[in-house]
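Please look over the sequence and the model before reading on.

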Amino acid sequence: MIYFVTGNKGKFEEARGILGDVEQRNVGYAEIQADTLEEVAVFGMREVSEKLAGPVMIEDAGLFIESLKGFPGVYSAYVFDTIGNDGILRLLEGALDRRAVFKSVLGYAEPGMEPMLFKGEFWGKITHKPRGSGGFGYDPIFEVGEKTIAEMDLEEKNKISHRGASILALKSWLSSR
Ligand code: IMP
């Protein structure tokens with residue numbers, strides 16, 4: 001059983017789809033202002049490892065838009081909560097290059113163990129309008145092929161997503177020990 005420290009039900013369901021034996025713990029931790037997702041995850045792991053005894057994981061993600069030079073990146077949560085998907089679409093009005101990448105950094109540790117990081121990336125394009133009602137966050141404006149992530153079911157998203165990849169990397173590592 002792994003404790004997944006997150007307040008995000010969507011993330012938790014994705015993790016459960018891959019790991020099975022995982023429990024959501026919404027105990028909170030400080031997300032520092034840093035230049036990389038890795039720094040945020042390493043710092044967060046220190047706090048959650050102290051708070052919870054047992055295998056524990058956290059995950060930090062961000063959306064990096066090519067024509068905005070990687071914005072919102074590490075500020076993705078703040079940008080989503082302020083200007084949201086409509087704000088991103090406005091920033092990209094008239095932009096021909098709509099490529100973007102989601103990045104996921106997962107931190108995992110067991111008591112007495114140095115935290116490990118597992119990563120995943122997911123390339124796609126920012127749409128011109130939001131589509132779909134599934135998923136969460138930027139899912140309705142991020143498309144791969146014909147579909148936005150919000151038009152996919154959880155299983156479909158998990159197979160190709162940034163978080164699907166980082167969680168699967170953890171799963172492979174766990175089963176290879
Ligand atoms: P955090 O990892 O919770 O800090 O996420 C940063 C921001 O990116 C939040 O606003 C999330 O809603 C959004 N986000 C993270 N992962 C995804 C995803 O898989 N799809 C869409 N939005 C995401």
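The paragraphs that follow treat the ligand, the pocket and one loop in turn.

This is a predicted model, in which local features need pLDDT of at least 70 and side-chain atom pairs count only at pLDDT 80 or more, while totals for chains, interfaces and linings use all residues. Residues are numbered from 1 along each chain as its sequence is written, and side-chain values use heavy atoms, with hydrogens and water left out.

Start with the ligand. Around the ligand there are 15 residues, and those that come nearest are Lys11, Ala61, Asp139, Lys157 and Arg163 (a residue counts as near if one of its heavy atoms lies within 4 Å). By class, this shell holds 6 nonpolar, 3 polar and 6 charged residues; Ala, Val, Leu, Ile, Met, Phe, Trp, Tyr, Cys and Pro count as nonpolar, Asp, Glu, Lys and Arg as charged, and the others, Gly among them, as polar. At least two residues of the shell come from each of β3 (56-65), α3 (76-82) and α6 (162-176), and α3 gives the most, with 3 residues. Helices (H or I, at least four residues) and strands (E, at least two) are DSSP runs numbered from the N terminus.

Polar contacts here are pairs of N or O atoms within 3.5 Å. In one of them, a polar side-chain atom of Asp139 is 2.6 Å from a nitrogen atom of the ligand. A backbone N or O atom of Ala61 lies 2.7 Å from a ligand oxygen atom, and a side-chain N or O atom of Asp60 is 3.2 Å from an oxygen atom of the ligand. The ligand taken alone exposes 480 Å², of which the protein buries 90% (Shrake-Rupley method, 1.4 Å probe).

Where does the ligand sit? The space that the ligand takes is the largest pocket; a molecule sits in a pocket if more than half of its atoms lie within 2 Å of its grid points. A pocket is an open set of points on a 1 Å grid over the protein atoms alone, where a 1.4 Å probe fits, with protein on both sides within 12 Å along at least five of seven lines; lining residues have an atom within 4 Å of a point. The largest pocket is lined by 34 residues, with Lys11, Glu31, Asp60, Ala61 and Ala77 nearest its centre. Two or more lining residues come from each of α2 (37-51), β3, α3 and α6.

Finally, consider the loop between β3 and α3, where Pro72 lies. A cis peptide bond joins Phe71 and Pro72, with omega about 0°. Lys69 is in the loop between β3 and α3, and Lys69 has a positive phi of about 55° although it is not a glycine.

How values were computed:
A polar contact is a pair of N or O atoms within 3.5 Å; within protein, one must be able to donate a hydrogen and the other to accept it, and residues adjacent in sequence count only if both atoms are side-chain atoms.
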